[in-house]
Amino acid sequence: MLEPDPATRPFAYALLRVVPRVERGERLNVGLVLFCRQLDFLDVATQVDHPRLAALAPELDADAVHGRLAAIAGVAHGEADAGPIAQLSQSERFGWIVSPSSTIIQPSRVHTGLTDDPGATLARLFERLVA
């Protein structure tokens with residue numbers, strides 16, 4: 001049995017998805033949020049594939065999607081102008097971001113892992129699951 005590296009810490013992440021019409025069950029991964037409490041890390045990475053979004057939902061305003069993703073990033077980063085939720089602790093902000101939602105941007109279920117570099121882990125997962 002492999003022993004875990006003592007330098008690694010648990011993390012949690014969720015995908016952020018555009019769900020233009022929930023009744024169709026279609027979605028497009030547009031971001032990833034990662035939280036590692038022990039390393040004091042909460043960050044989000046986003047990217048909208050405009051041709052895929054237009055094929056999935058031609059009537060959807062891509063600027064509105066970008067605006068909602070920017071609002072989520074503001075909360076994740078604790079920006080002063082992102083509203084009262086952005087002033088909560090990192091754990092509470094992560095919990096808010098990954099809460100089930102009926103809005104056009106919806107999180108996946110939360111997944112976990114171990115990391116010694118949450119920034120690199122975010123980049124690797126983002127490249128594999130979103131980009």
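**Reading the interior and a helix pair**

Author: Let us begin with one residue of this predicted model. Beyond its neighbours within four places in sequence, Val33 is in contact with Ala12, Tyr13, Ala14, Leu42, Asp43, Val44, Phe94, Ile97 and Val98.

Reader: Which residues have the most contacts inside the largest nonpolar core?

Author: They are Val33 and Ile105, in a core of 23 residues. Two or more residues each come from strands S1 (9-18), S2 (28-36) and S3 (41-46) and from helices H2 (62-77) and H3 (90-97). H2 gives the most, with six residues. A second, separate core has 12 residues, among them Phe11, Leu32, Leu122 and Val130.

Reader: Is Val18 buried or exposed?

Author: Val18 is buried, because its relative accessible area is 0%, and buried means under 20%. This residue lies in strand S1. Leaving out residues up to four places away in sequence, Val18 touches Glu26, Arg27, Leu28, Val30, Leu53, Leu60, Val65, Ile104 and Ile105.

Reader: How does one describe two packed helices?

Author: One gives the angle between their axes and the distance between the axes. Here the axes of H2 and H3 come within 8 Å and cross at roughly 160°. H2 is therefore roughly antiparallel to H3, since angles over 145 degrees count as such.

Reader: Which residues make the contact between H2 and H3?

Author: H2 contributes Ile72, Val75, Ala76 and His77, while H3 contributes Arg93, Trp96 and Ile97. Of the residues in this contact, five are nonpolar, one is polar and one is charged.

Key. Residues are numbered from 1 along each chain as its sequence is written. This is a predicted model: local features need pLDDT of at least 70, side-chain atom pairs count only at pLDDT 80 or more; totals for chains, interfaces and linings use all residues. Side-chain values use heavy atoms; hydrogens and water are left out. A nonpolar core is a set of buried Ala, Val, Leu, Ile, Met, Phe, Trp, Tyr and Cys residues joined through side-chain atoms within 4.5 Å. Buried means under 20% relative accessible area, exposed over 50%, partly exposed in between (1.4 Å probe, protein chains only). Helices (H or I, at least four residues) and strands (E, at least two) are DSSP runs, numbered from the N terminus. Contact means heavy atoms within 4.5 Å. Axes are lines fitted to C-alpha atoms, for helices over the stretch in contact, and angles run from 0 to 180 degrees between N-to-C directions. Angles under 35 degrees count as roughly parallel, over 145 as roughly antiparallel, 65 to 115 as roughly perpendicular and the rest as oblique. Ala, Val, Leu, Ile, Met, Phe, Trp, Tyr, Cys and Pro count as nonpolar, Asp, Glu, Lys and Arg as charged, and the others, Gly among them, as polar.
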